[in-house]
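Thanks for coming. I have one structure to go through, and I will take the overall fold before the details.

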Amino acid sequence: MTNDEQKAIQPLLDEVNNIGKRAFKMADNIGFVVTFPNEWEVSVRWGKHHLCDGGKTTVEVAIHDPDDNWCIYHDGDNKLYHVPDSDTDVMGYVTPHQLTNILQEVAKQ
């Protein structure tokens, strides 16, 4: 491949290589995942088998740190806490206001 050919396709290669690094991803048409620059991830779901009212007023939320550890957000003190290694924990029936607080706190990590 010539240098000119490489330069021509490089933007396409860069886009393909960055697919896994996108900030927003769809989640099976029942939610989305936000990955922050600090590599923390918030998963939001409102499907039939999730802890919510189907997205009418609440959603289910899961938080993962950069090492893929589960975390929860405590509304009372606005803090994130790691969940023990043996547990996986989601937060059910999260309101829009609570979700906003979660996203803001995760972004600060």
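Among contacts in the protein chain with a separation of 6 or more, 36% are between residues 24 or more positions apart. Keep in mind that this is a predicted model. The secondary structure comes to 2 helices and 7 strands. In sequence order the pattern is α-β-β-β-β-β-β-β-α. The chain has 109 residues, and 29% of them are buried.

H2 runs over residues 96-108. Its 13 residues reach 19 Å from the first C-alpha to the last, close to the 18 Å expected at 1.5 Å a residue. Which residues of H2 are buried? They are Leu 99, Asn 101, Ile 102, Glu 105 and Val 106. Looking down the helix axis, these buried residues fall within an arc of 160°, so they line one face of H2. Pro 96, His 97 and Lys 108 are exposed, on the other side of the helix.

What covers the buried residues of H2? The cover includes strands E3, E4, E5, E6 and E7. For orientation on your screens, E4 is 59-64, E5 is 70-74, E6 is 79-82 and E7 is 91-94.

On to charges. Side chains of opposite charge can pair when their charged atoms come close. How many salt bridges does a search of the whole structure find? The search finds 1. The partners are Glu 105 and Lys 108, with their closest N and O atoms 3.3 Å apart. Both residues are in H2, and because they are 3 residues apart there, about one helical turn separates them. The two ends of the pair have unlike surroundings. Glu 105 has a relative accessible area of 14%, under the 20% cut-off, so this residue counts as buried. Lys 108 has a relative accessible area of 62%, over the 50% cut-off, so this one counts as exposed.

Ser 43 sits in strand E3, residues 41-45. Is Ser 43 buried or exposed? Ser 43 is buried, at a relative accessible area of 12%. Its side chain makes a polar contact with the side chain of Arg 45, at 2.5 Å. With neighbours within four places in sequence left aside, Ser 43 is in contact with Phe 32, Val 33, Glu 60, Val 61 and Ala 62. E3, the strand that holds Ser 43, is also part of the cover over the buried residues of H2.

The other position is His 64, found in strand E4. His 64 is buried as well, with a relative accessible area of 12%. Which residues does His 64 touch, not counting those up to four places away in sequence? They are Trp 40, Glu 41, Asn 69 and Trp 70.

Last, the cysteines. A search of the whole structure finds 0 disulfides. Cys 52 counts as buried, at 11% relative accessibility. Cys 71 also counts as buried, at 1%.

Terms used: Residues are numbered from 1 along each chain as its sequence is written. This is a predicted model: local features need pLDDT of at least 70, side-chain atom pairs count only at pLDDT 80 or more; totals for chains, interfaces and linings use all residues. Side-chain values use heavy atoms; hydrogens and water are left out. Helices (H or I, at least four residues) and strands (E, at least two) are DSSP runs, numbered from the N terminus. Buried means under 20% relative accessible area, exposed over 50%, partly exposed in between (1.4 Å probe, protein chains only). A polar contact is a pair of N or O atoms within 3.5 Å; within protein, one must be able to donate a hydrogen and the other to accept it, and residues adjacent in sequence count only if both atoms are side-chain atoms. Contact means heavy atoms within 4.5 Å. A salt bridge is a side-chain nitrogen of Lys or Arg within 4 Å of a carboxyl oxygen of Asp or Glu. The expected span of a helix is 1.5 Å times one less than its number of residues. The arc is that of the directions from the helix axis to the C-beta atoms. A disulfide is a pair of cysteine sulfur atoms within 2.5 Å.
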